[in-house]
Amino acid sequence: MSGSSVTVTPHGANRITARAMTRLVSAVAADALAVQPSQVKVDVADAAGRLDVTVRTPSRLLPLDRGETDASVDDALDRTERAQHDIRGTVATLTGADIAGVTVRLTGAGSRPPKPVD
C-alpha cells in the first residue's frame, strides 16, 4: 500500500439526547469531584455548536490539621481545576462532543472525619 491513500468515510452519526448527555456529565463530574451523583446538578447548553457545561455540587473537604487553613483552600481549588479538566476530557472522549467550556460551581462544603487506621 505504499504511496496509496485511504479515505475513511463515516457511515453514520450518533445522536445523544439532552437527558442522556446530562446524566453522563453528572456521573463523570461526580467521579471527578468524589461526590455522589445525586449531589451533582448539571446544565448543558449549546454554544455555537459546541457544548457549554455547568456543574453545581457541594465540595468534600479534607479534615484540617490545626493551622493549615490556607493549604486546604489551595487543595480544594486545585481539585476543582483538575475536575474541570477531567470532566472536559472524559465527556469529549465518551461522546465525541466539542466542549466549549466547563464551569464548576461549589455550592457548599462538607467534611468527613478521617477513617481510623488499624
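A: Begin with burial: a residue is called buried when its relative accessible area is under 20%, exposed when that area is over 50%, and partly exposed in between. Keep in mind that the coordinates here are a predicted model.

Q: Is Thr-80 buried or exposed by that rule?

A: Thr-80 has a relative accessible area of 11%, so the residue is buried. Its place is in helix 2, which covers residues 69-95. Once neighbours within four places in sequence are left aside, its contacts are Val-104 and Leu-106.

Q: Which class does Thr-107 fall into?

A: Thr-107 is exposed, because its relative accessible area is 54%. The residue belongs to strand 3. Leaving aside neighbours within four places in sequence, Thr-107 is in contact with Arg-56, Thr-57 and Pro-58. Sequence distance and spatial distance part ways here: Thr-107 and Arg-56 are 51 residues apart in sequence, but their C-alpha atoms are 6.3 Å apart.

Q: How do I check the length of a helix, with helix 1 as the case?

A: The expected span is 1.5 Å times one less than the number of residues. Helix 1 has 16 residues and should therefore span 22 Å; the C-alpha atoms at its ends are 22 Å apart, which agrees.

Q: Which residues of helix 1 are buried?

A: They are Met-21, Val-25, Ser-26, Val-28, Ala-29, Ala-30 and Leu-33.

Q: What should I look for in a nonpolar core?

A: The general idea is that in soluble globular proteins, nonpolar side chains tend to be buried together. In this model the largest nonpolar core has 19 residues, and those touching the most other members are Val-25, Val-40, Val-55, Ile-87 and Val-91. Helix 1, strand 2, helix 2 and strand 3 are the elements that give two or more residues to this core. Helix 1 gives the most, with six residues.

Q: Where is Val-40 placed?

A: Val-40 sits in the loop between helix 1 (18-33) and strand 1 (41-47). With a relative accessibility of 6%, Val-40 counts as buried. Its contacts, not counting residues up to four places away in sequence, are Ser-26, Ala-29, Ala-30, Val-35, Val-55, Arg-56 and Thr-57. Val-25 lies 15 residues from Val-40 along the chain, and their C-alpha atoms are separated by 9.3 Å.

Q: How many salt bridges does the count come to?

A: As a general point, side chains of opposite charge can pair when their charged atoms come close. The cut-off used is a side-chain nitrogen of Lys or Arg within 4 Å of a carboxyl oxygen of Asp or Glu. By that rule the count is two salt bridges. In one of them, the side chains of Asp-43 and Arg-56 meet at 2.6 Å, N to O. Asp-43 is in strand 1 and Arg-56 in strand 2 (residues 50-61), so the pair ties together parts that are 13 residues apart in sequence. Asp-43 counts as partly exposed at 38% relative accessibility, and Arg-56 counts as partly exposed at 27%.

Q: Which side chain meets Asp-98 in a salt bridge?

A: The partner of Asp-98 is Arg-50, at 3.0 Å, N to O. This pair links distant parts of the chain, 48 residues apart: Asp-98 is in the loop between helix 2 and strand 3 (99-111), and Arg-50 is in strand 2. Asp-98 is partly exposed at 45% relative accessibility; Arg-50 is partly exposed at 33%.

Technical notes. Residues numbered from 1 in each chain as written. Predicted model: local features only at pLDDT ≥ 70, side-chain atom pairs only at ≥ 80, totals over all residues. Heavy atoms only, no water. Helix = DSSP H or I, 4+ residues; strand = E, 2+ residues; numbered from the N terminus. Buried < 20%, exposed > 50% of the residue type's maximum accessible area, 1.4 Å probe, protein only. Contact = heavy atoms within 4.5 Å. Core = buried A, V, L, I, M, F, W, Y, C linked by side-chain atoms within 4.5 Å.
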